[in-house]
Amino acid sequence: MPINREYIIKRALSLVFVVLGVVVVTFIITRVIPARPELLWTGPHATIEQIERARRELHLDKPIHVQLWHYFVDLFSGNWGVSWRTKMPVLPSILSSLPATIELVVSAFILATAVGIPLGISAAIRRGSGVDSVVRIFSVVGASTPVFWLALLLQLAFCNWLGLLPAAKRVDEYIAISTGFKPLTGFYTIDSVVQGNIPVLIDVLRRMFLPAVVLSLYPMCLSARMTRALTLEVLSELHVRSSIAWGIPRSRVLYKYVLRNVIAPVVASLGLSFGYTIVGAFMVEIIFVWPGIGYYTAMSLLSYDYPAIIGSVIFVAIIYSVINTAIDILHATIDPRVEL
Amino acid sequence: MRKMRIFRYGISRAVLVIIIAIAVAVGVVGYYALAIREQPQTRKTMTIFASISEMTTADPSTEFSNSIRWLPLVYETLLWYDPIKNEFIPALAERYESRDDGMTWVFYIRRGAKFHDNTPVTAHAVKLSIERTIALGQGAAFIWAPVNEIEVVDDYTVVFKLKYPAPLNKIAASGYGAYIFSPKVVELAGAKNLTDPKVAEWLNRGNDAGSGPYRLIKWEPETEVVLEKWPEWWGWKLPGYPLKSDKAPDIYILKIIKDAVTQERLLLAGDIDVAQYVPLEDLEKLKGDPKVQVVIKPSFQNLLMLINTKKPPLNNVLVRRAIAHAIPYEDIVKIARSGLARIASGPIPHGMWGHFDNLTYTYDLDLAKRLLAEAGYPNGVDRPLLLVYTAGDIYEKRTAELIAVNLAKIGINVEIRPMSWEEQWALAQRGWEDPEAVQDLFLFYWWPTYITPFDFLYNMFHSESKAFNLCYYENQEFEKLIMEASVLEGYDQARALEMYYKAQQILYRDVPAVPLWDMIYVEVGSRKVGNLDKAINPAYPTAVFAQVLSIEE
Amino acid sequence: MGLNEIASVLKLIKSNPLSMLGIIIVATFIVIGVASPYIAPYPSDAWGYSYNLETRLLPPSPRYPFGTDEMGRDLFSRVLLGARFSLIIAVGVVSIALVIGVVVGLTAGYMGGFAGMVLMRLTDMFLAFPPLLLAIAFAATLGRGLFNVIIALALSWWPWYARLVYIQVNSVKNLPFIDAARIIGLSPVKIMFKHVLPNSITPVVIQAALDMGSAVLEAAGLSFLGIGVPPPTPEWGLLVSQGWALINSAWWLSFFPGIAIVVTVVGFNLLADTFQEVMDPRLRSTMVMRGM
Amino acid sequence: MSGTAILAVNDLHIDYYTFEGVVRAVRGVSIELCRGESLCIVGESGSGKSTIGLAIVRALPPNGIVARGEILYNNVDILRLSEEEMSKRIRGKEISIVFQDPAATFNPLFTIGEVMLDVIAAQLGVRDRRRAYEHGIKMLKLVELPDPERVMNSYPHELSGGMLQRAAIAVALSANPKLLIADEPTTMLDVTIQAQVLDLLKRLRKELSLSMIFITHNLGVAAEVCDRIMVLYAGTMFEEGYADTILTNPIHPYTRKLLECIPRASRRVSRLRYIPGSLPDLKTPVSGCPFEPRCDYATKICSVSPPLVRVVGHRHRVACHLAQEKGGV
């Protein structure tokens, strides 16, 4: 498989520009749109002196391009402001809640693609059949379901009525503390495996199951729909028929040739799925008391903790851009036609 | 007729295999997830307490908010106060005396008490702690306003000299701003002195400098706070000390769980041991559940509707009175709190010293209409009134809606606006300069910093209390009465009480605010948590004194 | 998209029961949205102007098909009225976003050059955010309220339309009749709005109309996060979120408003699917003859 | 005669199912192709000529369905073979195909070599990749591609149309098929390249003694490469015969029109001729002759009943009501 080093460098460079763009947009939202940005930044308990100080710290007394410059400098030197709610600096709080979110989002994301793509393919190759109808209806209904509503209902059904799964939290403190579990990396699944702590691993998986399933639904439907459409498109292309007509066995054509044609654009579209997953996490984490970035953001939203909200927004947007770049590079290794 | 389907079998078999593989994987994980619920041997006893709000700061001098849920476990004051029995429980002070009509107070510090850093608790530490709190001047520092000077007589005797008589025993028992901590923090934090911001930073990183029965071992203010029993605490060894139990939990965890439903679920699933907020509608069901116990205790927290007395038409006392009579107090208690509140009678809550029972407004729409007509609004008020409340508080939300429905009946339209507390308070602050630009009605909780009627009356109704007098109420006679009463409280309680009553009668007549209901606290605990009712004290709202709990295995 | 495509969409809708269902749902949603204040069985309950101690938290019954809430109000009436707010939000968001998107896309596409590039780079910057995240930032900056929700969502949506218009304009702008208009000496603004726009707008407008389902969904999400429409507005997302507080004993409070969201959005998505099959040449390619 | 026929198509009907309705693309076409012979199927686009080619290798698009008829290859009806037998026994090593659009024939994500090696491995059973590779190089040399090594390792987007078409021919021939279907192989190429590819095909046919079905819309091309010509219109056969017969003595009015459309230097026509009118809608059944609306000689009967196929000479068949009368012209 050709890996074009030049392409990767180009892509990484353009990532820098995308991140700069993201920062500019947040600058517009936070500094240009509000009439008095310092009030949002200090919170209402602030005294006149504190507000004045914030004005100076945010460089609001300077011309706008100087403000933008300082905005960049502050962000890249890790000075993301202080939350009103917790009185703690925003960036460390976000970073400390990062592993919980990654663990959840990645599981959901894997689940979504691992189920969604095969569903889409199987629907496409039996277009018009019962399987196809079921997949189509499922993907439409799934993509139309508010993730928070589904989370509430499944929690009610599985935890309250059936009593099969734990309602919330990431790990049971009883089990964690009594087995001496130490969160080293913050990824509890990894930590428990490394420490050979089976009870914690099982507890963590049980607790992750429901939120991950809920979170995966929307991207799952999205990838199923997209895969179905793409497979239909590829199957109608001439090269499929020519390969078969030349005598390559049909199964080989499907597994080797068609599959890669479908996977390449599906991979390219995973970024959007990821975007939905991580924003869905805002709502799912608050329902399942999952102490990740989503929980932090949702809590900040409930109390209008502005620096924390904007910090989370910038952070998530940057992660999203990075993931998209990684996905583009992955796509380029599958599809030789891709050029910048 | 033959269909030429090229893509008939091949790939679907592969997809089938993938789907089956995933299904099997999910099934296996699911099986383990569901079937194996191995509960390992617990070596330590543990209590998990669900807190509805995140912790704020960890600085005992300035903290004036949610951290009261753990501060009294890690830090100690000189005294604790039991407002229901109206008696003091010795803490770091073994005993105390007041002299000169409440102008001088002497506290005798407990020998053998030490801080978690193993330095002894001394009179000097007490002086430094309180002086730091006063010097920083934040949070509840105002409680020490009467103090003129703190003198260290010897290592175990400290004397407070006051500017005017005041109940310093109650002040010293305050849930905020009265904690004693180790002066060694200066050294540990690498600070120049106690007021150096480095001390606060060190504390807010999750360090503690207390002397209480528990130590802070994990500080994640947004998700959880973990306390561990400190075996060296003097109280464990003191026979007959009321605020302790031999079976107190080894680990006490404060878990932040932001909503009542989840708290209830986790409690029923055994994931947590004490839930402070459960949906009140579910309470009857919970009472019947053998796994849990429901503890109901009166509180000193009440909800009032502050009226903007400077903005027409509310600057007319008749309009305010009409509003007071148009509020369905009984319905509000039934619907908003499922009956778990008492209809307020005056701004001082039931059960507290200074409360009087005959200050309730009647719900009488005819009277309200008459008053409104008399005020010159026979057809109702021509503009909608803005009622603000704290977003996310369902009790306030329901109360607000019920008020709006009923005021509409007498021709007053109300626009309800939920705001975050921060926004709401910021808006209301502007009212002192421009009362026309701010809200008309403000749903407002109050609970005392230390237990005195003065705390309620001064903060919400004295014109010098710009921060919380959000009725913008000014009345010389009233202010004179409560200032005098607060001084008398230190040595002549009967006369003070009489003056507090007069003051409340003025409020009843002027209606700067409508007291709505006094909250009844509900805590639901697992059955294995014994002594839960004893661990709750309305003077320290929302705190559970874990050292009193008795964990049954 | 011309008459032919519209005709084939209609044909497709007639032949496909799912598309038919979509039409029915969307039509019902619009009718209820417009008429709900008049058809709700308990109008004052719907607006939140009443309460009733006797009927608190009743489960669904013939009298109260969706049950009652903690204030004793009929949830069915409230959900019906909710359709109105969802409709207002959906129409508002889509039309504002469309106007911004068309102006930006048209200017960038027709003008081209440096200005066009700058505009499109700006559009790309907005598109670098995951869906809904930008709306969250805007909503947090603007504050709660129906109008602010609409603005926040619209401000985060216009880039999609701008790009769509841009692509359309680029495919149209070099057609002979545009050149002709330019030679005659018509002003660029006139050419843009009189000639370029009408020939490039149809697919964008259709896309926007079908996006109304997503607008309903995202507005509900904002309400759930507490930065959407404030209570006592019976907005569906808000109703679900408020029902959460009582879900252990009164499941219906969250269930029915959620169902309303799902059904409405399904309706729009089914229609969108139908249009997509007709308009997307890649999906269509399997239906038309090839290589004959 | 049927003994030497390598391919016999009898009464073939093919339908496409579309949203607009069922398109009857091929309506009862019969073909007889002798070993070593080459047949041109000529028709306008939409006449169904490519569909027949696809049907012979059983590679119709998913919505294309053979409604009736048989396709006998060496007396075996390949429509009755299973997909597996088709791939194992027929495709590639007996019948192979070259398509019109060389860029779309190759999967964009795979090198030419990968496709070729897969064909060689599947049809010739050459599992050893080096041997297969050598064979592939040999095939690429056979189609006169310069630098075959580079072509092997190139992705389709890296090669020109002409090179791709040569590569496609090489892949199609790599398992030594006996019958090659060339579906307008030159239409999408530059004029100079067209001639080269045609020459190549002619040469290969001789060298490898291939039978060939050459599908084109251009009678001129047909005359150049083929022994026999079949004229197709709206899914039905109008005229079939030896190339020189068709060119010198066309009977069907449509064939004549087609001949008039061939641009010739000698004729000095001021503008290119074309046949007025367009193909009939294939979704609606036609009661008479499908060419009737465009035909200069149409009579009453032409719109009422479909013309029968008549033999008018040695291996010369015509489907026209007027054929008998005008036969002698």
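Tutor: With handedness: a crossing is left-handed if the near helix is turned anticlockwise from the far one by less than a right angle, and right-handed if clockwise. The model is predicted: local features need pLDDT of at least 70, side-chain atom pairs count only at pLDDT 80 or more, and totals for chains, interfaces and linings use all residues. Residues are numbered from 1 along each chain as its sequence is written, with chains lettered from A and ligands numbered from 1 in the order written.

Student: Does α16(B) pass α17(B) in a left-handed or a right-handed crossing?

Tutor: Helix α16 (residues 476–488) and helix α17 (residues 493–510), both of chain B, pack at about 155 degrees with their axes 8 Å apart. That angle makes α16(B) roughly antiparallel to α17(B) (under 35 degrees is roughly parallel, over 145 roughly antiparallel, 65 to 115 roughly perpendicular, the rest oblique). Axes are lines fitted to C-alpha atoms over the stretch in contact, with angles running from 0 to 180 degrees between N-to-C directions. As for how α16(B) passes α17(B), the crossing is left-handed.

Student: How many charged residues are in the contact of α16(B) with α17(B)?

Tutor: Residues are in contact if their C-beta atoms, placed from the backbone, lie within 7 Å. From α16(B) come B:Glu477, B:Phe478, B:Leu481, B:Ile482, B:Glu484, B:Ala485 and B:Leu488, which meet B:Arg495, B:Ala496, B:Met499, B:Tyr500, B:Lys502, B:Ala503 and B:Ile506 of α17(B). By class, this contact has 10 nonpolar residues, no polar ones, and a charged count of 4. Asp, Glu, Lys and Arg count as charged; Ala, Val, Leu, Ile, Met, Phe, Trp, Tyr, Cys and Pro as nonpolar; the others, Gly among them, as polar; the charged number in this contact is thus 4.

Student: Why is α8(B) called largely enclosed, and how many of its residues are buried?

Tutor: A residue is buried if 20 or more other C-beta atoms, placed from the backbone, lie within 10 Å of its own, exposed if 12 or fewer, and partly exposed in between. The cover over the buried residues of α8(B) includes α7 of chain A, β12 (292–307) and β17 (513–526) of chain B, and α12 (236–244) of chain C. Helix α8 (residues 260–268) of chain B is largely enclosed by the rest of the structure because its buried residues come to 9 of the 9.

Student: Which residue with a positive phi follows α8(B)?

Tutor: The helix has B:Leu266, B:Leu267 and B:Leu268 among its buried residues. After α8(B) comes a residue with a positive phi, near 80 degrees, and that residue is B:Gly270.

Student: What share of the residues of chain B is buried?

Tutor: Chain B has 17 helices and 19 strands; helices (H or I, at least four residues) and strands (E, at least two) are DSSP runs, numbered from the N terminus. Its C-alpha trace spans about 100 × 70 × 45 Å along the principal axes. Residues 24 or more positions apart make up 69% of its contacts with a separation of 6 or more. Of the 553 residues of chain B, the buried share is 52%.

Student: How many residues of the side of chain A that touches chain C are nonpolar?

Tutor: The contact takes 44 residues from chain A and 42 residues from chain C. Elements that each supply at least two residues of the chain A side include α1 (5–32), α10 (198–235) and α14 (306–334). That side has 1 charged residue, 9 polar ones, and a nonpolar count of 34.

Student: Is A:Ile323 buried or partly exposed?

Tutor: A:Ile323 lies in helix α14 of chain A. Beyond its neighbours within four places in sequence, A:Ile323 is in contact with A:Gly271 and A:Phe274. With 18 other C-beta atoms within 10 Å, A:Ile323 is partly exposed.

Methods: Contact = placed C-beta atoms within 7 Å.
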